[in-house]
Amino acid sequence: MITTKRAIVASLLFSTFLFSQEGTIKASKFGKGIFNIVGADSTWSMKFAARMQFMSNSSWEASNNKLINPTQDFLVRRARLKFDGFAYSPKLKYKFELGLSNRDVSGGSQYTGNTPRYIFDAVVMWNFYKNFSLWVGQTKLPGNIERVISSGNLQLVDRSLLNSYFNIDRDMGVQLRHHFVLGDEFIIREKIAISQGEGRNITTGNLGGHQYTARIELLPFGEFEKAGDYLGGDIYREPKPKLMLASTYDFNNNAVRTRSNSGTYMINDIGFYETNIKTLFADAMFKYKGFSFMGEYALRDASNPFAKNSDGTLTGAIVDEGRAYNLQSGYLFKSNYEVAARYTNIKFDKDVTAKGFEKQVTLGLSKYVVGHKLKIQTDVSYLSSEIGNDEVMWRLQFDLHF
């Protein structure tokens, strides 16, 4: 791993030297990237940026009105390098993102060639005709809005339990995206994806079938300021009310993992247990003059959630069937302090998973120094569970994005 990191640093330094000889480097404002390179003949560009998140996490079990068994840790939650720009034509864009923290690269196994999972995004986006764009590579699927919002642009320290259990994350494949306008400002966006169905950085080829995702987004009052529908909080203080209503349907044909394209592999005596997994999302985003509201609903079921061997005996692996909703709101003061609250309700199919329900309430406070590029956030959560003790969690996080 050390050798790989040294190679990455060396390649960045060499690229900076090379580009300075052949192209034009433009110094960027803070938060707009470390440098922005344009080729001498203007046929390509590259913006390089870095971001870091440092977090402190403390938690306690709540039992008989007492807090017991305290735990505490400090960690580099995320450390990322990002590259984006265009190649040959501004209509052919690309994005490449690497993760370097332990949390970023964890999950290596035989399915990833027993190597760390450095690559988050490696995708080319071709605007081939009018409002149509074709995406090819590895990137986020068009799933629930909370997942698609970057981890560096969140309203609270981290995403909700709904996202933890039900999101469809990143995958490798192709996406077709289109949008059109009705009347003066009503925007409709359609997104369709066909992907491998096993998640990011998989090297073993396609297992089972493929994954099919379709999403539609309705913006009756026009576009949000600076794509603010995919940013946490109303940091641009929308001067007019803005609303997005959306829904996603995801079908993973012959899935081999317990959470569609994530979770554990359902291994059996002949290889892998396969079952069709369907995931439905409905979500909304509203912003106006510093006030923001986000709502999400998720539903997941499988043709047969119990993994079996060839003789019909159970392997013990189970698809996480269930439903959840997530409500989140906040207000940004003119001082750039924001207060936010979130309520998440998870209800697993108890007959299948034996997990029952989980409910979590979170209260947060953020100080935006330079928007999401330089901020300090803290939140406290109370988790109640049908199985096991309740839990109190307090987090403090510092974000720095060049």
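**Salt bridges and cores in a predicted model**

Biologist: How many salt bridges does a search of the whole structure find?
Modeller: The search finds 21 salt bridges. The model is a predicted one.

Biologist: Why is the pair Lys 95 and Glu 97 called a salt bridge?
Modeller: A side-chain nitrogen of Lys or Arg has to lie within 4 Å of a carboxyl oxygen of Asp or Glu. For Lys 95 and Glu 97 the N to O distance is 3.8 Å, so the pair counts as a salt bridge.

Biologist: Which of these counts as partly exposed, and why?
Modeller: Lys 95 has 29% relative accessibility, so Lys 95 is partly exposed, the class between 20% and 50%.

Biologist: What makes Glu 97 buried or exposed?
Modeller: The relative accessible area of Glu 97 is 3%. Buried means under 20%, so Glu 97 is buried.

Biologist: What makes Arg 147 and Asp 169 a salt bridge?
Modeller: Their side chains meet at 2.6 Å, N to O; the cut-off is within 4 Å, so the pair qualifies. Arg 147 lies in helix H3 (residues 145-148) and Asp 169 in the loop between H4 and strand S8 (170-182), so the pair ties together parts 22 residues apart in sequence. Both Arg 147 and Asp 169 are buried.

Biologist: How do you know that Arg 395 forms a salt bridge with Asp 379?
Modeller: The closest N and O atoms of Arg 395 and Asp 379 are 3.0 Å apart, and the limit is 4 Å, so the pair is a salt bridge. Arg 395 belongs to strand S24 (residues 390-401) and Asp 379 to strand S23 (residues 374-385), 16 residues apart. Arg 395 and Asp 379 are both buried.

Biologist: What joins Arg 51, Arg 80, Lys 95, Glu 97, Asp 104, Asp 121 and Arg 170 into one network?
Modeller: Salt bridges that share partners join them.

Biologist: Which residues touch the most other members of the largest nonpolar core?
Modeller: Tyr 165, Phe 166 and Ile 346 do, in a core of 13 residues. Helix H4 (161-166) and strand S21 (337-348) each supply at least two residues of this core, and H4 gives the most, with 4 residues.

Biologist: What does Phe 166 touch, leaving out residues up to four places away in sequence?
Modeller: Phe 166 touches Thr 279, Phe 281, Ala 298, Arg 300, Asp 320, Gly 322, Arg 323, Ala 324 and Ile 346.

Methods
Residues are numbered from 1 along each chain as its sequence is written. This is a predicted model: local features need pLDDT of at least 70, side-chain atom pairs count only at pLDDT 80 or more; totals for chains, interfaces and linings use all residues. Side-chain values use heavy atoms; hydrogens and water are left out. A nonpolar core is a set of buried Ala, Val, Leu, Ile, Met, Phe, Trp, Tyr and Cys residues joined through side-chain atoms within 4.5 Å. Buried means under 20% relative accessible area, exposed over 50%, partly exposed in between (1.4 Å probe, protein chains only). Contact means heavy atoms within 4.5 Å.
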